[in-house]
Amino acid sequence: MTLPVPGTTTGGGLPAAAPRRRKQLTWDKVSFMLVFLGVPLVIYGLFVVWPFLQAFYYSLTDWSGFSPKFNFVGLANYVKIFQDDLFLKALGNNILLLIVVPLVTIVLSLALAVVVTVGGSSKGQVKGLKGSSFYRVVSFFPYTIPAIAIGIMWGQIYDPSGGLLNGLLRAMGLQNFKDFAWLGNSNTAMFASMFVIIWGFVGFYMVLFIAGIKGIPAELYEAARIDGAGRFRTAVSLTIPMIRDNIQTAYVYLGILALDAFVYMAALFPNAGGPENTTLVMSQQLFFTAFQRGQFGTATAMGVVMAVATLIFSGLVFLVNRLTGGKDQELV
Amino acid sequence: MSILNKTKAPAGHVERKAESTASDRVVAGTSHVVLILWSAIVVLPLLWTFMSSFKSSAEIFASPFALPSVWRFDNYTRAWTEAGIGQAFGNSLILVGASLVLVMLLGAMSAYVLARFKFWGNRFVYILLLAGNTFPVFLAMVPLFKMLERMHLLNTLFGLILTYVGFALAFTVFFLHSFFKNLPGEIAEAAAIDGAGEWRTFFQIMLPMAKPGLASVAIFNFLGLWNQFLIPVTINAAGPKVLSQSLAAFAQQMGYAVDFGALFAAVTITVIPVLVVYIIFQRQLQGSVSQGTSR
């Protein structure tokens, strides 16, 4: 395998090397760069880059993962998975997650962040709501909880008879929900799962956006106020454009998460796929194909499809941000 | 009202203290309602889990709200020993502790070199590290599984540590890169003039100066690694179980044995320590988020 070796370290292995360089390459400096860049990059190259590269190659073979021999089959794996109804179903579910989860999470966390930071008085200094740090701290709680624990916890909350949700609904007098199986019904399973993921991330992005909003110079808010902009107008025309890059980052990360979603689905649905496979995701199919069916070649092809989907999605987010970014440039 | 304020205010300044108008109060009121509602959505499930962890399975199914008849601490004992949560907790501590120390050291080292030295290939290495952040981890898992198997590192904590370090490195370098870039160069120059070599400059001068940045990256790395599920479940399926694995296995068993009290106890054991640490250090963390995003 090839590791990127920086020029100076190869060019100047000895202290006497390269007098034409601006600074003398001493042994101190060379050993320093070799160790400081070399050791991390060897680990990174071996455990991250190399497996990624291998994956692309294996996706073109019929490797089972258990025999040492395999054949090159070209794009056969890709043809196969795109004719596989179950995988297509999983792809569709991921796309649904991709559309809903980032959007709802960002709208919700942005709304909460705006309310916390500029919800205070409309006179005097622009300031946040009283007790805002309490809300911020509490909202961040879910981010400290392992996703698997979140999944298991919500699995119990959604429990038809003993769960918190139906208990609350019954207490409110909604007897229809006596034994409603949120995760067992193909109409609600996906949305119930989406809510779990959103629940886990709103607080984190809220804190991120609050940090972004606090970085906006206060004069801009005062100027907007003098110009007669109301709260809503200020939020839409000033706050959101100013933290555009934070929103873009959030969108990309949430998108990557939605294209994976493995932990949540694995925790919420002990029988992978959920009712009528409405919550089956690509990562589950990949896992199953590789480690239960022993089709490593096909499984890595699924991984490549996931990676391509991720790249397309990130590209789209950057493109949309760039295309709509004209105004932003003027403002700054 | 305003007259009263003015008389109280120190002379010379136009009084700018907020006088809340009716619409302000409505906005503030609505804001509080919305925020309280969301806080309740966050906290209620946690409180409910905590309460249920002291109930028997029968009590849990009888009523989701009733307090436990007796506080059954034995749920915790069963979760800790029989479900193996205790063992897994220890494994996770070792695994995450070792990975964290390693990735912080290696990440700081490479971020420092990338941020402060000019050499051919610098940009390429940096982009290569960034790219690792965007690819789905899943793509690497199958080849990684076979690779570790050949290296006899499959199902070992050591194999997990190296993999954790590899995957956390990208984020660490990305974050620390800007941090080292913004440290003043004069001090390093002064150290060089005084005869300190590159090694000494890094460990005695630059690293201590980067402490705030290191602390915040370490917090996020800790959360990320502590919560990791996919990597251990793939390359450590038969190895010493980590916390998330144990929890998943225990929940999976629930389909057959009915010990929901212990399941809630296991979840609580997983949630509480990190939550408590977070509450203690939350000020530090809030600060670090703003540092991380403003650059």
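Trainee: What does the secondary structure of chain B come to?
Mentor: In this predicted model, chain B has 14 helices and zero strands. Read along the sequence, the pattern is α-α-α-α-α-α-α-α-α-α-α-α-α-α.

Trainee: And what about the secondary structure of chain A?
Mentor: Chain A comes to 15 helices, again with zero strands.

Trainee: How many of the residues count as buried in each chain?
Mentor: For chain B, 41% of the 295 residues count as buried. For chain A, buried residues make up 47% of 332.

Trainee: Okay, contacts next. Take those between residues at least 6 apart in sequence: what share joins residues at least 24 apart?
Mentor: In chain B that share is 75%, and in chain A it is 68%.

Trainee: Switching to domains. Which ones does the assignment give for chain B?
Mentor: The domain assignment gives domain 1, covering 25-72, and domain 2, covering 78-293. The C-alpha centres of these two domains of chain B lie 32 Å apart.

Trainee: How many residues are in contact between domain 1 and domain 2 of chain B?
Mentor: Ten residues of domain 1 of chain B are in contact with nine residues of domain 2 of chain B. On the domain 1 side, α2 (22-52) and α3 (57-62) of chain B each supply at least two residues. The helix that gives the most to that side is α2(B), with four residues.

Trainee: What classes do the residues on that side of domain 1 divide into?
Mentor: On the side of domain 1 of chain B that touches domain 2 of chain B, there are three nonpolar, five polar and two charged residues.

Trainee: Now the contact between the chains. How many residues does it take from each?
Mentor: The contact takes 84 residues from chain B and 85 from chain A. On the chain B side, α2(B) gives the most, with 15 residues. That side of chain B divides into 53 nonpolar, 25 polar and six charged residues.

Trainee: I'm looking at B:Asn227. Where is it found?
Mentor: B:Asn227 is in the loop between α11 (211-226) and α12 (230-235) of chain B.

Trainee: Buried or exposed, and why?
Mentor: B:Asn227 counts as buried because it has 22 C-beta neighbours inside 10 Å, and the cut-off for buried is 20 or more.

Trainee: What is B:Asn227 in contact with, leaving aside neighbours within four places in sequence?
Mentor: B:Asn227 is in contact with A:Pro146, A:Ala147 and B:Ser244. Its C-alpha atom is also separated by 9.8 Å from that of B:Ser92, 135 residues apart along the chain.

Trainee: Helix packing next. At what angle do α4(A) and α8(A) pack?
Mentor: Helix α4 (residues 85-118) and helix α8 (residues 189-214) of chain A pack at about 40 degrees, with their axes 7 Å apart. That makes α4(A) oblique to α8(A). The crossing of α4(A) past α8(A) is right-handed, and the residues of their contact divide into 22 nonpolar, four polar and one charged.

Trainee: And how do α8(A) and α11(A) cross?
Mentor: The axes of α8(A) and α11 (residues 244-258) of chain A come within 10 Å and cross at roughly 160 degrees. These two helices are therefore roughly antiparallel to each other. The crossing of α8(A) and α11(A) is right-handed.

Trainee: Which residues meet there?
Mentor: From α8(A), A:Phe201, A:Tyr205, A:Leu208, A:Phe209 and A:Gly212 meet A:Asn246, A:Ala250 and A:Leu254 in α11(A). By class, this contact has six nonpolar, two polar and no charged residues.

Trainee: Last one: where does A:Leu280 lie?
Mentor: A:Leu280 lies in the loop between α12 (262-268) and α13 (282-291) of chain A. A:Leu280 is buried, with 24 other C-beta atoms within 10 Å.

Trainee: What does A:Leu280 touch?
Mentor: Not counting residues up to four places away in sequence, A:Leu280 touches A:Leu86, A:Lys89, A:Ala90, A:Asn93, A:Ala272, A:Gly273, A:Gly274 and A:Gln285. The C-alpha atoms of A:Leu280 and A:Asn94 are separated by 8.3 Å, and these residues are 186 apart along the chain.

Conventions: Residues numbered from 1 in each chain as written. Chains lettered and ligands numbered in written order. Predicted model: local features only at pLDDT ≥ 70, side-chain atom pairs only at ≥ 80, totals over all residues. Buried ≥ 20, exposed ≤ 12 C-beta atoms within 10 Å, placed from the backbone. Contact = placed C-beta atoms within 7 Å. Domains from an automatic or database assignment. Nonpolar A, V, L, I, M, F, W, Y, C, P; charged D, E, K, R; others polar. Axes fitted to C-alpha atoms, helices over the stretch in contact; angles between N-to-C directions. Parallel < 35°, antiparallel > 145°, perpendicular 65-115°, else oblique. Left-handed = near helix turned anticlockwise from the far one by under 90°.
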